[in-house]
Amino acid sequence: MHYIALATICLWASGVYAAPAEPKYLMTNDLPKCPNDADHAGECIKIIMNELIPRLRLGDPELGIEPYDPFVIDRLSFQYSSGAVNGKISVRNVKLYGFAEHKIKDVNVKVKGDKVKLRTVSEIPKMNILGDYKAELQVNSLQLKPKGTFNLTLSDVENRVIMDGEFYTKDGLRFLRLKDIEANPTVRDLVIKANGIFGDPELDELALSVANNYWRDIYGIILPETRQSWAPVMLRLINEALQHVPIDQFIQPPK
């Protein structure tokens, strides 16, 4: 039985997105080797993930791994349509702080042939996200074009992720490629700061007061509505990380 070893997903928080010209792989001899049976590998995989996440915080130039705390997003756009609100939101120069404190709580792996299903539960005590934004929104008959900066503070983030993937071979080594990902992050508390919403500081403060009082409702609507924008980006980043991680080095040889 083959299964995904743990360095695989650990890098979904690491933000690898620049592959080197020559193929180089993450190889290590100081981490445990997990049972060959996927049904008994979860705890071992969790240990490896929790070891690699802080270790790679500063990146690895030879592997093309950029420092990931803060994790930098140059640009990302979302289409949004729900009820009376329709439009496009773009963010630039975004920095996400807190990934180095990412802790894996639970890992479950199922393998059937070359197909893999991986479930993880992880938590981040605190995240800070800041950057620039602009939007073109229509709220009923009102057209808005806000533009400014934003700063979000998220406390006690728990993320439940389900991933479907498959094994493939390259350079005589086995790797994992994800085909689909479903993430369901929950947040205990969220504080929103921004400017440029209406161009009037008093109106901006009023809008922020409403947003901070009703952020759970807003979050619950925006997350699924924007999935088609952020899910492909997440999938691409993870797969670009996984191409550097041969999985068999983390698996005990068959007896």
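Q: How far apart in helix H4 are Trp215 and Tyr219, in helical turns?
A: This is a predicted model, where local features need pLDDT of at least 70, side-chain atom pairs count only at pLDDT 80 or more, and totals for chains, interfaces and linings use all residues. Residues are numbered from 1 along each chain as its sequence is written, and side-chain values use heavy atoms, with hydrogens and water left out. Helix H4 covers residues 215–225; helices are DSSP runs of H or I with at least four residues, strands are E runs of at least two, and both are numbered from the N terminus. Because Trp215 and Tyr219 are four residues apart in H4, their separation is about one helical turn.

Q: Which kind of aromatic pair do Trp215 and Tyr219 form?
A: Rings of Phe, Tyr and Trp (its six-membered ring) pair if their centres lie within 6.5 Å; planes under 30 degrees apart count as stacked, over 60 as edge-to-face and the rest as tilted. The rings of Trp215 and Tyr219 are 6.4 Å apart centre to centre, with 70° between the planes, and the pair is edge-to-face.

Q: Is Trp215 buried or exposed?
A: Buried means under 20% relative accessible area, exposed over 50%, and partly exposed in between (1.4 Å probe, protein chains only). Trp215 has 4% relative accessibility, so Trp215 counts as buried.

Q: Where does Tyr214 lie, and is Tyr214 buried or partly exposed?
A: Tyr214 lies in the loop between H3 and H4. Its relative accessibility is 49%, so Tyr214 counts as partly exposed.

Q: How many aromatic pairs does the structure hold, and which parts of the chain does the pair of Phe71 and Phe99 link?
A: The structure holds four aromatic pairs. One of them joins Phe71 and Phe99 edge-to-face, at 5.9 Å centre to centre and 70° between the planes. These two residues are 28 apart, so to speak, in distant parts of the chain: Phe71 is in strand S1 (residues 71–82), and Phe99 is in the loop between strand S2 (85–97) and strand S3 (103–112).

Q: Which ring does the charged end of Lys170 sit over?
A: A charge sits over a ring if NZ of Lys or CZ of Arg is within 6 Å of the ring centre and within 35 degrees of the ring normal. Ring pairs link Tyr25, Tyr168 and Phe175 into a cluster, and Arg177 lies over the face of Tyr168, 4.0 Å from the ring centre. The charged end of Lys170 is 4.9 Å from the centre of the ring of Phe175.
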